[in-house]
Amino acid sequence: MILDVRNLGVTARDGSPLVSDVSFRLDAGERLSLIGESGSGKSLTSFAITGLLPDGLTATGRVELAGVQVVGAKERALVPLRGRTASTVFQEPLTALDPLMRLGAQVAEPLRRHLGLRGAALRDAVHTALEEVRLPDPERIARAYPHEISGGQRQRVAIAAALACRPQLLIADEPTTALDVTVQADILALLDSLVAERGMALLFVSHDLAVVSRMTERALVLRAGRVVEESTIERILTAPADPYTAELVRSARELDSALEVR
Ligand SMILES: Nc1ncnc2c1ncn2[C@@H]1O[C@H](COP(=O)(O)OP(=O)(O)OP(=O)(O)O)[C@@H](O)[C@H]1O
């Protein structure tokens, strides 16, 4: 098992609960989505897995990542896991990328830190990482700054950096929400094939049922920081057990049919 989350809680500075009693497991190579409306606790749950909660928030319960208990761990114990055991791809690639640093140097950073690569070996590994996310002209991209390439290309670079050290778990937090729809489909296809080729586990965070059904077969539905349902996507779409899930499905279908009549 790569990830075992048991009774995870996240509390705010004033003690109010933001996430409560969330439990799930992921085996090596397994995929799961976290779905729910805005504010339901999807991102906080995914941040807690690598110990990256925003300042002032506290996690309780257990998160075992490749056997390491993350909740309460010292930062020193978590740094070797991030980018190596588990990596996160965020909604907005600019949060992961430094605007003032050449893209090649940013992809190089995890390769240097975790794998100790230097010189020509490092350059080759950066080139390979950029090629693997199907970026044309990796040499040019490596020399460019984030603002010099498109949003879709930036997300590809962020994915290259996240996957450069071959993590066992990829956490994708709304990875296509900030992108144009046409680019969205390409990025989803890329993630899907990389996860499959490398046998990675995937935790896919999204509010969009259409996107989720493209990426995973199972989902955990969150509402107000609690799990309301864990089921196959098929079951969620056809026979949602919880009234809230039914509502999510209904509004997704409404959106769909609104598009069809145009
Ligand atoms: N740094 C913070 N301090 C206090 N409350 C926070 C903080 N970050 C998030 N929250 C609150 O925690 C709850 C869960 O937030 P979270 O970001 O996990 O939701 P989400 O389901 O990912 O939604 P979205 O898709 O909008 O990001 C929300 O009510 C949010 O306002």
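Where does T85 lie? T85 is placed in the loop between α2 (75-78) and β6 (86-89), where helices (H or I, at least four residues) and strands (E, at least two) are DSSP runs, numbered from the N terminus. The model is a predicted one, in which local features need pLDDT of at least 70, side-chain atom pairs count only at pLDDT 80 or more, and totals for chains, interfaces and linings use all residues. Residues are numbered from 1 along each chain as its sequence is written, and side-chain values use heavy atoms, with hydrogens and water left out.

T85 has a relative accessible area of 9% and is therefore buried; the term means under 20% relative accessible area, with exposed being over 50% and partly exposed in between (1.4 Å probe, protein chains only). Not counting residues up to four places away in sequence, T85 touches I2, L65, A66, P167, Q168 and L169, a contact being heavy atoms within 4.5 Å.

Leaving aside neighbours within four places in sequence, L170 is in contact with S87, V89, L163, L191, V195, M200, A201, L202 and L203. Between L170 and V181 there are 11 residues in sequence and 22 Å in space, C-alpha to C-alpha.

The loop between β7 and α8 (181-198) contains E174. E174 counts as buried because its relative accessibility is 8%. The phi of E174 is near 50°, a positive value in a residue other than glycine. Most residues other than glycine have a negative phi. N7, in strand β1 (residues 3-11), likewise has a positive phi, near 50°, and is a residue other than glycine. With a relative accessible area of 44%, N7 is partly exposed.

Strand β2 (residues 17-26) includes L18, which is partly exposed, at a relative accessible area of 31%. Apart from residues up to four places away in sequence, L18 touches V10, T11, A12, L44, L57, A224 and G225. The pair L18 and D173 is separated by 155 residues in sequence and by 18 Å in space, C-alpha to C-alpha.

L44, a contact of L18, is also one of the buried residues of helix α1, which are K42, L44, T45, S46, A48 and I49. Helix α1 (residues 42-49) is largely enclosed by the rest of the structure, because six of its eight residues are buried. After α1 comes G51, with a positive phi near 70°.

The next helix to consider is α4. Its 13 residues reach 19 Å from the first C-alpha to the last, close to the 18 Å expected at 1.5 Å a residue; the expected span is 1.5 Å times one less than the number of residues. The buried residues of α4 are L103, G104, Q106, V107, A108, P110, L111 and H114. Among the elements that cover them are α3 (93-96), α5 (119-132), α6 (138-143) and α7. Just after α4, G116 takes a positive phi of about 70°.

How does α4 pack with α7, and at what angle? Helix α4 (residues 103-115) and helix α7 (residues 151-163) pack at about 25°, their axes 7 Å apart. Here axes are lines fitted to C-alpha atoms, for helices over the stretch in contact, and angles run from 0 to 180 degrees between N-to-C directions. That angle makes α4 roughly parallel to α7, since angles under 35 degrees count as roughly parallel, over 145 as roughly antiparallel, 65 to 115 as roughly perpendicular and the rest as oblique. From α4, L103, Q106, V107 and P110 meet V157, A160 and A161 of α7. This contact has six nonpolar, one polar and no charged residues; Ala, Val, Leu, Ile, Met, Phe, Trp, Tyr, Cys and Pro count as nonpolar, Asp, Glu, Lys and Arg as charged, and the others, Gly among them, as polar.

Q106 belongs to helix α4 and counts as buried because its relative accessibility is 9%. A polar atom of the Q106 side chain lies 2.7 Å from the backbone oxygen of D98. Not counting residues up to four places away in sequence, Q106 touches A96, L97, D98, M101, P146 and A161.

Technical notes: A polar contact is a pair of N or O atoms within 3.5 Å; within protein, one must be able to donate a hydrogen and the other to accept it, and residues adjacent in sequence count only if both atoms are side-chain atoms.
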